[in-house]
Each structure stands twice: as structure tokens, then as C-alpha cells.
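Opening the notebook on this one.

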Amino acid sequence: MKKNLLTLGLMIAGVVAVAQSPRMSLYEEFTGETCPPCAATNPGLNLLLLSPTNVTKIIPLKWQVPIPSAPSPTWSLYKTNQAEIDWRYKTVAAGGYGYGINSAPSSRIDGQNATVFGAASDHPGNLNNTVINTASSYTSAFTIAMARQWDPTYSSVTLTVNITASATFTSVGSLIFRLVMTERNIQFAIQPGTNGETYFQDVAVKSFPSIQAGTPMASTWTVGQNQTFTINCVLPSYIRDKSEVAFVGFIQDDGNKKVAQAAMAQPAGLANDAKAITANINPVVCSTTLIPTVTVKNIGSNAITSFTVSPTLDATIGTDVIFTGNLAAGASTTIPMNLLTTTAGSHTFSYNITAVSGGENNLANNKAKVSFVCSPTYFAGPVTEPFTAVTFPPSNWAMYNPDAGTATWSRNGAVGAYGSNTGASKYDFYNNGVTGDADDLYLPPSDLSAMAAPVLGFDVAYTYYTAAPNNENDKLEVKASTDCGNNWTTVFSQAGTALATAPLTTAAFVPTATQWKSVLVNMSAYANNPNVLVKFVATSDYGNNMYVDNINLTQSNPTAIKTNAASEMSFEVYPNPSKGETNLNITSVAEGKANVVVVNTLGQVVFTKQVELNVGVNAIQLDASQFANGLYNVMIESKNGSMVKKLTVTK
């Protein structure tokens, strides 16, 4: 291996000695719509590739491969361009070009393994500025100039390509110019695969004349030699947004697969193009009547003097609103819609732009939608929800899932806190590869006028997917608002190992009876308040599943927490298993004394300590260094009752 790398280095060094043109590198990512690690990697990769310092050095090109499997919808990004994608990623023996990509996400830089340029592996997560700088530091024997032109109907683009040699060059095999049409940004309402991704960038959608054939070039070039040709590119029917169509061209030596130079023709505007930007509705509204506004932008080159906005609330079509005026190219306008009447619960508002003056050249971006929760009535507490009923969300509850992802809050009827198996709410971190995706589960709007000491109790079970020190940071928060969601206060927040109740597992997590913990949250700040909104917020870091059960918002000392632990406390033991030092986080809604007692499997008390508890979280250190390896019961005893947790000691 060292010898091969040395030979490659000498070859590159030889090119540097005679090349005259700066290099624009080509970064090919092999990603997929059913690939969970791809969904977790792509947001960070996109930020890196499109940073201001890197857009002048490297061009991204994304191939949506069927790894680990092909998406089932026929309109998926893979299936609409299957023949070209298969050829690009497969081995020669399998009928492909010879890259031999067998895992996703993976990559090639200028047709070579990313490790050639210093990356730790071909995984896109190992791409960094240093690797990009190294790749772009080698000069090229060619320059590429590409000019694009829409046809009058905006159904095809003509590319004029001019290639000039700035140094002598002889290829190892056939020298090919390849041209790939991409969509720079694609936003789906519903994921096309199974990994949660709805937003894609720089997707390869079709090549011209084909990725396999390309446009042949001479094998030997002298300084100043030039080749100019035109390629007519008819837009395929599955193009989603004409305003996002770009082109990536590159020169590749099929003898060694090295890319000698790359270039991009950026998206070009259309004459008449009205774009739906957003509907302006707060995530929570506290009235059954509202007047939404919508924002429309003119991203075409012609001024727009009129258009029609057609609104829809859920499945009910509303009354059109007609805009007249002068919306200049590049300008936006916000338009009030007609009064809408809705009901309590979760809703979707959408709108469509039609009848654009001069005709609309790009229908794909004429629609937008937004989800919201209507909370007009505040119900007298308490709230007691064990999730035993099949209906989800339960009556008067609501969900807010802004990206419409399928990996969100749901009910699992075969799981329940502490082995009850009567149902629990579940958040599917395991299948949600959209890092940072946050979905809300709303309790019924609550009138706490009669509660002088409210407390929120719930049971939770969660574990992570990746071993330390890179455990996921999936997060559960509880937030409260007294002004209809305009401002929120976080009253509970745990993530990653602090939230976990079970050891790591790489299978989809289903908790056992012992893999739960009970949480109590002091809500005294909301005592006697008639208008309280409470929501559970799950934020994905693509870890493992979380279950929440027995949610209770009630007067102090709730009764629906685990029955044999119905105290005014909750506590956690971590790390667990422990190698010696262990921490107890005891949450109490009242001051007072408590005893910490540790008992081994023989029933022998091996540790006891009296502690003073304050309202809130109390951190207690437990020295288990003298404990023998094995399983222990940790008990917290107070005048209000006792609670027990398991502790495993492994030294």
C-alpha cells in the first residue's frame, strides 16, 4: 500500500510541475434515501461543502444509491435515474464504472478515494477543510467554461462548453467530458425513502448525453489546444423545481478514473416565476378564528402584476385572494387572507399560487404549507394520561410535526411503564435521521386555577445507539407557556446519557419493566394560573427510541406515577453500570429528610446515609468503590414513601 501511494504521489507531483490552471475539485457523494447514517451525515456535509471558503474549491455531486435498499416509491430520487446511478457506483463486474461503492454514505474526490487527499476514510463525515484544500491544491492541465441558455418554453437548456489545455496532457485511457444535470435544493413534504430525509442538495438527476458515454475528447493535448461543443439538455418530467436546475461538468480519464477538472453552471432564473415562501401562522393559536398571511416572492426576471392565491385549511378549500400591483423581480409581498374558522387540535394550512401574469414558467415552487395547533379552550386540571386508549394523540391533546416526518410521536400499545404493557407514547429517534428535528406533543390546554401546588409527573424509558464517548444527544424537554405559546419556559430537560434508563442497544429499543424512571417536575410557578400550555419536545440526534407514559399534571403528590413509588420524589442513578463513583440525582417537590439505603442481592444493607433534600434537584454522590461486583437495590426513603432503582457495579 505504501508503495502504491508513493507512486500516486509522484504522478501527482509530475502533473503539478507542468500544469497551469487552478483546479476545481469534484466531490461525489454516494448517499441514499433509505440510508440512516446518510441522513445524519448530510446536514453537516452540506454546510462544509457550501461554506464561502469551499465553494471556490470543490463542487458537490450527490448520487442517491440503493444502499442498504432501494426506496419503494417509483418517484424516488434513485428510481427516476436508476440506470445512471447503478453504473456510477457499481463495480465493473457488476456492469458499473468501477468505483465499487459498497456502503453509504461514501465518496470519491476527483474520481479517487478521499484517503488519497488525507481523509481518514471515504465516509463523508471525515471530509474537512484540510482535505478539500489538499485536493484543490493540485493544478490542472485544463480550463472549462460552460454557458447555459433556456429555450423559450423553459423545457430544455443548451450548454455551450469550451475546454482549453493550459499544459500538455496525455490520458491513460479514454478521456471523457461528462455533464450532469442537478437540482441544487429539493424539499419533499414526505420523505421519499425511509431514513427521514426530506431535504436534499446537489442531487444528480440526469446526464447528457449519458453518464456512461459522455462526450469523447482527444487523448493527447498540447498547450492552447481547444475543443468547443454544445449539448442540448431536455428537462426530464420528474424535475421538481426548474429554478434549482444546475449543471456539473468534468473531464475524466477512464484509464485511471481521475478527474482532471470540474466546473458548474449555476441555476438560472426564469422569466415568470412566483414562489410561495411561507404561510405566517404561529405554531399555537388560541382562537378558533384567524386571518393568516402568506408571503410570495418574484424570483423571475419579469415584473408580476397579478396572481391568485388559493388557500386550503386541512382538506377544506377556502376563498381565493387576488393580488394586483407591481411585484418587481426579486421582491416579496405579504398578503392577508380571508378569515378562517377552525377547531381545537392540530391543523395544516396551505396555499397555491395560480394565474400569474405573463404565465407561470415554474409550477413546482407555487405551493407552501404550515402546521399549527389550535388551543381555544383551557380545561380544568388535573391531566391524567396513561395512553391506554388507541386514539393518538388522546382527546384534547395535539401534535406539532413541522417537517411532516414519519419518525415522530406515536402510541405503542404493547409497551407501558414498569411492565404494564397497556400503552405508552413513543418518539422514534431510531428512524429519525434528521438531526435537530424537533416535534412537540401538547397536553390539553390547562386551567390550573384550583391548583396551589401543581406538579408534573411522568415515566420515561430511553437508551442510545452509539457507544461512549460518542453517545447520541437525543433530547427530551418539557416547556410551559402562559401566553398562548408566544414565550416558552423550559421546566425539564435531559439528553443523551442523562436521559438514558437502559444500556446501549443497536436494535430498536423496547424497554423492559426495569428500564424506566419516574420524573417529577415542580410546576409551582404556574399555580392558580388559568391559561397554561405544556408540551413535551423531542429533538432527534438519531439515537434510539424513547417512551413516555403516565403523564400527569396535578396537585402535589400525583397518584398515577408508579404505584409502589408514589412519593413526592423521583431519582436517577448514573453512571449505571458503575465502576465505583455513582451519582444520585434526587428531584423533590418538598423539603425534608430522606435516607439513602443500598441493599445487595442477599438482602444485606451495604450503605446507608441520611440526606437533607431541597425543592428541586439534589445531587448526592454514592461511593460504590468498596462494593463487590453485582446487582444492588438503591432505595430513597422519606416520610412520603420510598422509591427503588437498580444499580450494577462492574469494576
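Predicted model: local features only at pLDDT ≥ 70, side-chain atom pairs only at ≥ 80, totals over all residues.

**Entry 1: Asp-110.** I went to Asp-110 and found the residue in the loop between strand E3 (106-109) and helix H4 (129-137). Is Asp-110 buried or exposed? I looked up the relative accessibility, which is 1%, so Asp-110 counts as buried, the cut-off for buried being under 20%.

Next I checked what the side chain of Asp-110 reaches, and got the backbone nitrogen of Leu-26 at 2.8 Å. Then I listed the contacts of Asp-110, leaving aside neighbours within four places in sequence. Arg-23, Met-24, Ser-25 and Leu-26 are among them, and the list also includes Ala-135. Lys-257, Lys-258 and Val-259 are in contact with Asp-110 too.

**Entry 2: charges over rings.** Lys-257 turned up again here, lying over the face of Tyr-97 at 5.0 Å from the ring centre. Tyr-97 itself belongs to a cluster that ring pairs make with Phe-30, Trp-87 and Tyr-99. I also noted Lys-535, whose charged end sits over the ring of Trp-488, 4.1 Å from the ring's centre.

**Entry 3: aromatic pairs.** How many aromatic pairs does a search of the whole structure find? I got 22. I picked out Tyr-427 and Phe-429, a tilted pair with 4.7 Å centre to centre and 55° between the planes. Why do I call Tyr-427 buried? Because the relative accessible area of Tyr-427 is 0%. Phe-429 also counts as buried, since I read 0% relative accessibility there.

Then I turned to Tyr-430 and Tyr-465, which form an edge-to-face pair: 6.0 Å centre to centre, 70° between the planes. This pair links distant parts of the chain, with the two residues 35 residues apart. I placed Tyr-430 in the loop between strand E29 (424-427) and strand E30 (438-442). Tyr-465 is in the loop between strand E32 (454-462) and strand E33 (475-481).

**Entry 4: the largest pocket.** I looked up the volume of the largest pocket and got about 1400 Å³. Its lining runs to 45 residues, and those nearest the centre are Gln-187, Phe-188, Ala-189, Thr-198 and Lys-367. Which elements give two or more residues to this lining? I wrote down helix H2 (36-49), strand E7 (175-187), strand E8 (199-208), strand E14 (274-280), strand E23 (345-354), strand E24 (367-374) and strand E27 (398-400). E24 supplies the largest share, six residues.

**Entry 5: cavities.** I counted three cavities of 30 Å³ or more. The second largest cavity holds about 60 Å³ of space. Which residues line the second largest cavity? My list has Glu-29, Thr-31, Asn-42, Asn-46, Lys-62, Gln-64, Glu-197, Tyr-199, Phe-200, Gln-201 and Val-203. Strand E1 (25-31), H2, strand E2 (58-64) and E8 each supply at least two residues of that lining. E8 gives the most, with four residues. I noted that H2 and E8 are also on my list for the largest pocket.

How values were computed
Residues numbered from 1 in each chain as written. Heavy atoms only, no water. Phe/Tyr/Trp six-rings, centres within 6.5 Å; stacked < 30°, edge-to-face > 60°. Buried < 20%, exposed > 50% of the residue type's maximum accessible area, 1.4 Å probe, protein only. Lys NZ or Arg CZ within 6 Å of the ring centre and 35° of its normal. Polar contact = N/O pair within 3.5 Å; in protein donor to acceptor, adjacent residues only side chain to side chain. Contact = heavy atoms within 4.5 Å. 1 Å grid on protein atoms, 1.4 Å probe; cavity = no way out; pocket = protein on both sides within 12 Å on 5 of 7 lines; lining within 4 Å. Points joined across faces, edges and corners; volume = space filled by probe spheres on them.
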